[in-house]
Amino acid sequence: MVDMKKILKNKKTKTLLLIAGIIMAGSFLYAAYDYGYVYHIKLNGKETEYLNINTEFKDPGVSVRYRGKKFKDYKTESNLDNKKNGTYEVKYIVGKKEIHRKVIVKDTEAPVIKLKDGEKIDYGYGKDFVDPGFEATDNVDGDVTDKVKVEGTVDSKIGEYVLTYKVSDSENNEAVVKRTVNVKDIEGPVLTFKRGINTYAIKGKKIDLNDYTATDNFDGDVTDKVKMEGNVDFDKVGLYKLEYTVEDSNGNKSVVERTVNVQKKNTKGIPVLMYHWFYDDTKGEKAGAVNSHNYISKTNLVKQAKFLKESNYYFPTWEELIDYINNKIDLPEKSVIVTDDDCVASFFNVALPVFQEYQIPVTSFCITKKNTWQSYVDAEYLDLESHTENLHVRKCSGTKWDGAVMCTSYDNIYKDIKTSVEKVKNTYAFAYPFGHYSDDTIKALKANKIKLAFTINSGRVRKGANKYKLPRVRINNGTSIEKYKSLLK
Ligand SMILES: [Zn+2]
């Protein structure tokens, strides 16, 4: 048996045991320390982070040191939902140790206001201010344009005005944008001519070329500041170009180019051309099968328009034609008026662009109950007149398919035409459907203040003609350019 007392009494042995004990305790503590507490974890970034809703959380992570060295392996656990406002937790775990971070998801983004035309605009003096418009969108609420409040006013007087546009989203994030409106005179004077911009003169008879007035929105009457350049030889047939210039006191200039068509006087009457329908043969379209003679190809129309333009034809206004019929004026030898019946889609799609390109005024007679024409009321070189509201039907049975006016009461004809002219807002001219008319029809036109009415009878409009039985010159599908020229000679 080992005598323990003896051993413990031995001094050397005591010291050894003590050392062994210290080593054992140290190892134990070190092992425990190593197991859980040797990792030093520290949050990067803040303990509480704010995250804008619907955006990705860029986790700054943690820094871990193990036995004094950087240690990269740690786990992250989180209940974060970036699509919902709320407070969330992110856990960083390494070994048995973990630390936490709070993430608060909030809508922190204000709406964005976009100003149409920008933050600085010039605005015409003397006009009521109309905002060019704006749009506001929010990252959460979507379109918030209706919630934008505009502070400030813009006077029509010259000066600089500031408008403030404000809008808040449902989390009270506010956006503020300012717009500076510089009200100044940006408009040149308006020149008007008694005889119109493009006019005519009969050879040997001078006309007044200073028949203008000029009015400016800022300066008022500036007629005496107008300068004319160019020259007209009234004794020589030709197309003369003039240029009128006028500048207001703020340096806004207006320039008007004018043509004066000098010709011998017309003695043979004025041809009023009658077109109907069109087709674009350059796109492979064909004439319609029914009444195919009424269809004009684009190729032929271009030839005709080119001929009129290159031969310096003059296109009298309806007022000039009325004065001509009333023997108040003469018109140029080469005068022509272009009309089209029915206002069909092919007129607007195929023919109108050709007439506009060659600067030829054209009148189309519309069956106003149809809606082909409504989007063209402001088209250039176009005049829209009535072809009845709803009487463009051959309904009078037993009387050889006569047009509806032949068997409709005066009251109904009157009402139909009234509706029609109220729609087209023009009463210069009228075309009888199928050329049919009765005494009641003429009476109804006069009662509606229509000044001229066209049949489909062949001929030219002469001085002294009956203004409600005017003839026309029909242009057909088969009308060659040679035939066309001879019709106008
Ligand atoms: Zn018709």
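Strands β6 and β7 form a hairpin with two residues between them, and Gly 95 in the turn has a positive phi of about 60°. The structure is a predicted model, in which local features need pLDDT of at least 70 and side-chain atom pairs count only at pLDDT 80 or more, while totals for chains, interfaces and linings use all residues. Residues are numbered from 1 along each chain as its sequence is written. Helices (H or I, at least four residues) and strands (E, at least two) are DSSP runs, numbered from the N terminus, and two strands pair if DSSP finds at least two bridges between them.

Ile 93 stands opposite Glu 98 of β7, and Glu 89 has Lys 102 in β7 as its bridge partner. On β7 (residues 97–106) there is also a parallel pairing with strand β2 (residues 48–52), made through five bridges. Here Glu 49 has Val 103 of β7 as its bridge partner.

These pairings belong to an open sheet of four strands, in the order β2-β7-β6-β5, with mixed pairing. Because β2 and β5 (75–78) stand at the edges with a single partner strand each, one side of each is left without a neighbour in the sheet. From one strand to the next the twist averages 25°; axes are lines fitted to C-alpha atoms, for helices over the stretch in contact, and angles run from 0 to 180 degrees between N-to-C directions.

A further open sheet has three strands in the order β8-β10-β11, with antiparallel pairing. Its edge strands, β8 (112–115) and β11 (142–143), each pair on one side only. Strand β10 (residues 134–138) is joined to β11 by two bridges, and Thr 137 has Asp 143 in β11 as its bridge partner.

The account now turns to a helix. The 15 residues of α6 (residues 410–424) should span 21 Å at 1.5 Å a residue, and the end C-alpha atoms are 21 Å apart, which agrees; the expected span is 1.5 Å times one less than the number of residues. In α6, Ile 413, Asp 416, Ile 417, Ser 420, Val 421 and Val 424 are buried (20 or more other C-beta atoms within 10 Å of the residue's own, with C-beta atoms placed from the backbone). These residues lie on the same side of α6, because they cover an arc of only 125° around the axis, taken from the directions from the helix axis to the C-beta atoms. The buried residues of α6 pack against β26 (362–366), β27 (382–386) and α7 (439–447), where contact requires C-beta atoms, placed from the backbone, within 7 Å. Lys 425, with a positive phi near 60°, follows α6.

Technical notes: Buried ≥ 20, exposed ≤ 12 C-beta atoms within 10 Å, placed from the backbone. Contact = placed C-beta atoms within 7 Å.
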